[in-house]
Amino acid sequence: RMPVVDRFTRPHDARLPVGVDESGTVTRAFEIASFPTTVVVGLDGRVRLYQPTEIPNPEIALDTILDGEFDALARADRMRTP
């Protein structure tokens, strides 16, 4: 990753993957016009959160969404495991 991204994510203890959209493909696909913009895409490919500004309390805003996605992932994993 780019050093500037690491300098931002390290103090924020980002535990989810953070990508760098060097080609602009994601920016165009989600019509991102301002930064920061947070987009959470669920396991089914649908957008669960689109926040075109800073999220004041990300742990609150993201917990419900991510908990649901992680639960769905765990259920899917249990269904695959014999």
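The buried residues of helix α3 are L62, I65, L66 and E69, where buried means under 20% relative accessible area, exposed over 50% and partly exposed in between (1.4 Å probe, protein chains only). These buried residues pack against β1 (38–41) and β2 (47–51), with contact meaning heavy atoms within 4.5 Å. This is a predicted model, in which local features need pLDDT of at least 70, side-chain atom pairs count only at pLDDT 80 or more, and totals for chains, interfaces and linings use all residues. Residues are numbered from 1 along each chain as its sequence is written, and side-chain values use heavy atoms, leaving out hydrogens and water.

**The helix**
- Helix α3 covers residues 58–80, which is 23 residues; helices (H or I, at least four residues) and strands (E, at least two) are DSSP runs, numbered from the N terminus.
- From first C-alpha to last, α3 reaches 32 Å, close to the expected 33 Å, a span found as 1.5 Å times one less than the number of residues.
- Look for a kink of about 30° centred on T64; the bend is the angle between axes fitted to the seven residues ending at a residue and the seven starting there.

**The salt bridges**
- You can find two salt bridges here, each a side-chain nitrogen of Lys or Arg within 4 Å of a carboxyl oxygen of Asp or Glu.
- R48 pairs with D44, their closest N and O atoms being 2.8 Å apart.
- R48 also meets E69 in a salt bridge (3.0 Å, N to O). E69 lies in α3 and R48 in β2, so this pair ties together parts 21 residues apart in sequence.
- Together, D44, R48 and E69 are linked in a network of salt bridges.

**How open are these partners?**
- E69 is buried at 13% relative accessibility.
- R48 is partly exposed at 32%, and D44 is partly exposed at 45%.
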